[in-house]
Amino acid sequence: MFFDCTQRMSKVDKQLVHYISEQYKPCVFVVNKWDLLYGQMPTDRWVEYLRDTFPTMWHAPIAFITGQTGKNVKALLNHSQNLYKQSLERIGTGELNRLLRAAVIKNPPPMYGMIRPKIYYATQVSTQPPTIVFMCNEPKAFQNDYRRYLLNVLRDNLSFGEVPIKLYLQRRRRADE
């Protein structure tokens, strides 16, 4: 997603990023014409501006380039290839379950009425985007805050931290049902 550093975010930019997010597509935020602001504005301020404007895409990497001279374009292309490779990554069920167990011990899910939410196991069922299913006792018992926590744990500890991750909670069926 390209942005002109001399312009504010437009409604169309916001709509495009929303569409990218909804479709779970890997994305790099590219800030173009950076040579015009170099030395006048720290990159941290632009990063903060992008993160505040697009809070659902905080995982997306940000590249500052100058298209006219080609500065940082090669690094951008390499990073794009890296995102593609991340989207193809597969994580074993054992590794996922160890990570999940540690996350739940560190921060257990809050009670849902009289139900203690439980996750029995997790497995990755697909790539592009990486799709992970948590088998649990009651999917509705996991509030959005806790789902975000689990997603952040996955993103921080797995090899596909910069690409979107689909997360599903599914009720485990017993054999006698």
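F29 and F54 are both buried. They belong to a predicted model, in which a search of the whole structure finds seven aromatic pairs. This briefing covers ring contacts, charges over rings and backbone geometry.

**Aromatic pairs**
- The ring centres of F29 and F54 are 5.5 Å apart, and the planes meet at 40°, so this pair counts as tilted.
- F29 sits in strand β2 (residues 29-32), while F54 sits in the loop between α2 (43-53) and β3 (62-64), so the contact ties together parts 25 residues apart in sequence.
- F3 joins F29 and F54 in a cluster linked by ring pairs.

**Charges over rings**
- K71 lies over the face of Y38, 5.4 Å from the ring centre.
- R155 places its charged end over the ring of W58, at 5.6 Å from the centre.

**Cis peptide bond**
- Most peptide bonds are trans.
- The bond joining Q128 and P129 is cis, with omega about 0°.
- P129 falls in the loop between β4 (119-126) and β5 (131-136).

**Positive phi**
- Most residues other than glycine have a negative phi.
- K33 is not a glycine, yet its phi is positive, about 65°.
- The loop between β2 and α2 holds K33.
- K33 has 35% relative accessibility, so it counts as partly exposed.
- N72 also has a positive phi, near 70°, and is a residue other than glycine.
- N72 is found in the loop between β3 and α3 (73-87).
- With 40% relative accessibility, N72 counts as partly exposed.

Definitions and conventions: Residues are numbered from 1 along each chain as its sequence is written. This is a predicted model: local features need pLDDT of at least 70, side-chain atom pairs count only at pLDDT 80 or more; totals for chains, interfaces and linings use all residues. Side-chain values use heavy atoms; hydrogens and water are left out. Rings of Phe, Tyr and Trp (its six-membered ring) pair if their centres lie within 6.5 Å; planes under 30 degrees apart count as stacked, over 60 as edge-to-face and the rest as tilted. Helices (H or I, at least four residues) and strands (E, at least two) are DSSP runs, numbered from the N terminus. Buried means under 20% relative accessible area, exposed over 50%, partly exposed in between (1.4 Å probe, protein chains only). A charge sits over a ring if NZ of Lys or CZ of Arg is within 6 Å of the ring centre and within 35 degrees of the ring normal.
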